[in-house]
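Please look at the sequence and the model before reading on.

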Amino acid sequence: MTIGNGGACNVSGKYVRLRNYHGTLSNRAKLQKSAEPDDTLLFSIVGWYGLTLPQDPTTLRSAREDMLALLAIGLDPERSILFHQDHNLYHVELCWVLNCLAPVGKLRRMTTWKSRLATSRNAGPEDEMDESLPNSGLFTYPVLQAADVLVYRATHVPVGEDQQQHIELTRDPGQNPLFPLPMYVNAPSKRILSLRDPISKMSKSSPDAASRILIDRYHIRAAVTDSIPGISYDPVHRPGTSNLLTILAACTEGDVEDVARVYASRGHGQLKSDVADAVEELLKGPRSEPERIRHEKAYLHEIARKGACKAMVHSGATMEDVRQRIGLA
């Protein structure tokens with residue numbers, strides 16, 4: 001069994017979000033712990049995805065190193081293959097092949113594209129309401145995401161619910177005997193949403209820093225809730241309250257319905273205070289441990305170099321077969 005990247009570990013900006021920690025870092029560690037001895041595990045830092053948004057080169061470079069430090073703490077580089085996506089050009093080679101097969105109509109229906117397009121349209125006057133605003137990288141990055149999976153012939157893909165539609169793109173090439181049909185490994189915790197707009201996901205691209213909980217800071221007390229007495233889990237009618245319950249359940253590894261029953265007769269002030277305490281306790285390690293090794297540049301670079309070499313062995317064999325199949329070899 002080969003467990004490969006789905007959403008992988010995206011880098012964009014200086015900080016890692018709580019949502020990224022729960023959906024990516026902690027779940028990768030659990031996968032490594034539960035994997036069979038003959039399973040192959042590959043986890044990459046997907047720097048190319050970050051380029052779909054404007055980036056400061058210095059900040060992006062630092063973010064890549066910080067993410068590698070976090071992975072190196074939670075995962076054993078001798079057991080899991082850790083590498084930078086942009087150190088293996090087989091990803092983009094397969095991406096181009098898949099781009100030549102992916103229907104434009106299917107890419108237009110991708111939720112990320114539609115939501116980013118809607119955001120761009122709302123930001124400008126009527127004459128700017130067209131698809132020329134977002135860049136083409138954002139439009140086609142689900143194809144790169146599919147390539148990240150298929151280039152390793154991954155059989156299992158850890159992915160959050162908001163990325164599952166993108167991974168569906170692996171299904172079409174996956175019908176080809178050249179590739180196994182990937183199975184999804186869903187994150188056990190529910191989706192963590194924005195603190196300021198609890199019907200939207202917690203996003204590092206949001207201009208409001210108070211909308212997300214970062215490894216270095218958090219804004220629980222300013223989170224949007226409601227004026228309904230008591231606490232209950234109702235994502236439709238009480239999205240803000242339900243989001244705080246989701247965060248608390250994720251931090252304590254509890255069931256969100258059970259957590260809601262405990263707080264049924266309490267107020268939002270108590271809930272926010274307890275969520276803040278739980279986040280602080282959970283992130284003690286992710287805050288302090290990277291500082292211990294982030295300055296060990298030679299150690300981290302060696303992890304990335306060895307990981308890239310191993311990854312290229314796996315993906316190189318795939319691309320030899322792909323080139324033969326399409327007539328380029």
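The chain has 14 helices and six strands. Helices (H or I, at least four residues) and strands (E, at least two) are DSSP runs, numbered from the N terminus. This is a predicted model, in which local features need pLDDT of at least 70 and side-chain atom pairs count only at pLDDT 80 or more, while totals for chains, interfaces and linings use all residues. Residues are numbered from 1 along each chain as its sequence is written, and side-chain values use heavy atoms, with hydrogens and water left out.

**The chain as a whole**

Of the 329 residues, 48% count as buried. Buried means under 20% relative accessible area, exposed means over 50%, and partly exposed lies in between (1.4 Å probe, protein chains only). The accessible surface of the chain is about 15,600 Å², and carbon and sulfur atoms make up 53% of that surface. Such areas come from the Shrake-Rupley method with a 1.4 Å probe; for residues, only the protein chains shown count as cover. Among contacts (heavy atoms within 4.5 Å) with a separation of 6 or more, 74% are between residues 24 or more positions apart.

**Two packed helices**

Two packed helices are described by the angle between their axes and the distance between the axes. The axes of helix H10 (residues 239-252) and helix H12 (residues 268-282) come within 9 Å and cross at roughly 35 degrees. Here axes are lines fitted to C-alpha atoms, for helices over the stretch in contact, and angles run from 0 to 180 degrees between N-to-C directions. On the H10 side the contact includes Thr241, Leu244 and Leu248, and on the H12 side it includes Leu271, Val275 and Leu282. By type, the residues of this contact are 10 nonpolar, two polar and two charged. Ala, Val, Leu, Ile, Met, Phe, Trp, Tyr, Cys and Pro count as nonpolar, Asp, Glu, Lys and Arg as charged, and the others, Gly among them, as polar.

**Salt bridges**

The structure holds six salt bridges. A salt bridge is a side-chain nitrogen of Lys or Arg within 4 Å of a carboxyl oxygen of Asp or Glu. The table lists some of them.

| Pair | N to O distance |
|---|---|
| Asp86 and Arg64 | 2.8 Å |
| Arg153 and Asp321 | 2.4 Å |
| Arg261 and Asp258 | 2.3 Å |

Asp86 lies in the loop between strand E4 (81-84) and helix H4 (90-99) and Arg64 in helix H3 (residues 57-74), so their bridge ties together parts 22 residues apart in sequence. Asp86 is partly exposed at 25% relative accessibility, whereas Arg64 is buried at 16%.

Arg153 sits in the loop between helix H7 (136-150) and strand E5 (156-159) and Asp321 in helix H14 (residues 297-326), so this pair ties together parts 168 residues apart in sequence. Arg153 is partly exposed at 24%, and Asp321 is partly exposed at 34%.

Arg261 and Asp258 are three residues apart in helix H11 (residues 256-262), so about one helical turn separates them. Arg261 is exposed at 56%, while Asp258 is partly exposed at 39%.

**Leu178**

Where does Leu178 lie? Leu178 is in the loop between helix H9 (171-174) and strand E6 (183-186). With a relative accessible area of 13%, Leu178 is buried. Leaving aside residues up to four places away in sequence, Leu178 touches Arg153, Asp321, Val322 and Arg325. Arg153 and Asp321 are also partners in a salt bridge.
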